[in-house]
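The sequence and model are placed below for reference.

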Amino acid sequence: MRIRLNGTVIERRAVWFESGKVMMIDQRALPHRFEVAELDRHEDVAEAIRNMTVRGAPSIGAAAAYGMALAAMENADIEGAAGLLKGTRPTANDLFHAVDHMLRCIRSGGDPLSSADAYANDIVDRCLSIGKHGADLIRDDSKVMTHCNAGALAAVDVGTALAPIRMAREMGKDLFVYVSETRPRLQGMRLTSWELRNEGIRHAVIADGASGHFMRKGVDIVIVGADRIASNGDFANKIGTYEKAVLARELGIPFYAAAPVSTFDFSISSGESIPIESREESEVTEIEGRRIAPEGVKALNPSFDVTPSKYVTGFVTEIGILGPSELERLRGR
Ligand code: MRU
């Protein structure tokens with residue numbers, strides 16, 4: 001991804017391996033500071049996933065793949081490392097997909113680091129394909145809405161929902177992106193707007209509660225990412241996605257979820273079985289460490305919601321745009 005830093009432009013991935021360490025852009029510091037975390041123990045990678053130094057389903061998967069590579073290089077207990085990494089966050093399927101992939105590679109005698117690098121490179125290739133397929137959905141002179149961050153930060157590079165937006169812009173299409181702030185962690189405001197600004201793509205941050213207002217005024221397409229997609233096309237994504245999908249249906253706006261095959265969980269038949277992460281109350285009651293809610297007030301903080309497949313116009317995948325009833329075509333890829 002292109003990053004503008006004090007007048008210079010650098011290219012970086014969200015997660016990579018260098019000099020014996022797993023490197024990752026510390027997403028907690030953005031947009032105010034650009035910091036890179038350097039981790040040389042698999043336990044530290046697990047903690048970085050848990051505390052959201054790295055976040056976004058495909059990036060979490062890549063970080064876990066590198067964590068497994070570190071564990072193998074440390075001669076640590078591989079099964080223990082797999083359990084530790086899998087226990088960090090419950091919702092994003094990519095985490096489990098990546099760890100299982102690495103377990104198979106390591107057990108079959110593959111080089112752990114080459115396998116992790118190949119896993120990360122493969123995610124980026126798949127995101128590029130998602131971008132190519134999805135760009136066709138975006139007309140010239142259109143208004144696009146997205147939620148949370150499903151950009152390069154969330155997907156090693158390029159992005160899932162942001163890939164079609166980047167690609168459409170590269171094709172010379174004029175577009176404007178509504179970015180909902182994404183309370184409580186503000187991934188839209190802090191991360192997506194940072195990425196779009198780096199790319200010079202016109203956009204505005206809006207409060208989550210303003211989405212319906214702007215959709216009614218004229219949004220042409222909604223594209224979001226996904227954290228886990230069930231066989232029937234129900235999918236989990238950042239809290240606040242479901243209401244956008246319902247509104248899109250009401251207003252006749254096409255609603256797409258963009259994701260690589262690593263996000264699909266064919267072991268579950270519907271969204272009912274997707275575990276929803278519940279995070280600390282303080283994420284809701286506090287802003288930047290300062291309590292806003294009255295003392296003693298309880299907060300509920302589900303990090304994801306499930307959108308039923310009936311609201312999905314299509315899934316933008318690396319093999320093309322698939323309707324909810326066509327997802328079987330991805331099985332085994
Ligand atoms: O809790 P996060 O920040 O890891 O959640 C990420 C998301 O839910 C994003 O919406 C994203 O679309 C899915 S990953 C590309």
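I looked up an open sheet and found four strands in the order S13-S10-S11-S16, with mixed pairing. Here helices (H or I, at least four residues) and strands (E, at least two) are DSSP runs numbered from the N terminus, and two strands pair if DSSP finds at least two bridges between them. Strand S13 (264-265) and strand S16 (304-307) stand at the edges with a single partner strand each, so one side of each has no neighbour in the sheet.

I recorded the provenance next: this is a predicted model, in which local features need pLDDT of at least 70 and side-chain atom pairs count only at pLDDT 80 or more, while totals for chains, interfaces and linings use all residues. Residues are numbered from 1 along each chain as its sequence is written, and side-chain values use heavy atoms, with hydrogens and water left out.

Within the sheet I checked S10 (residues 228-230) against S11 (residues 235-238); the two pair in the antiparallel sense over two bridges. Ile229 stands opposite Phe235 in S11.

S1 (residues 2-5) and S2 (residues 8-11) are paired antiparallel over four bridges, and Leu5 has Thr8 in S2 as its bridge partner. The two strands form a hairpin with two residues between them, and Asn6 in the turn has a positive phi of about 45°.

The C-alpha trace spans about 60 × 50 × 45 Å along its principal axes. I found 57% of the 333 residues buried, where buried means under 20% relative accessible area, exposed over 50%, and partly exposed in between (1.4 Å probe, protein chains only). Of the contacts (heavy atoms within 4.5 Å) between residues at least 6 apart in sequence, 74% join residues at least 24 apart.

My last entry concerns Gly67, which lies in helix H2 (residues 57-73). Is Gly67 buried or exposed? Gly67 counts as buried because its relative accessibility is 0%. Leaving aside residues up to four places away in sequence, I listed His42, Val45 and Leu85 as residues that Gly67 touches. Arg28 is 39 residues from Gly67 in sequence, and their C-alpha atoms are 19 Å apart in space.
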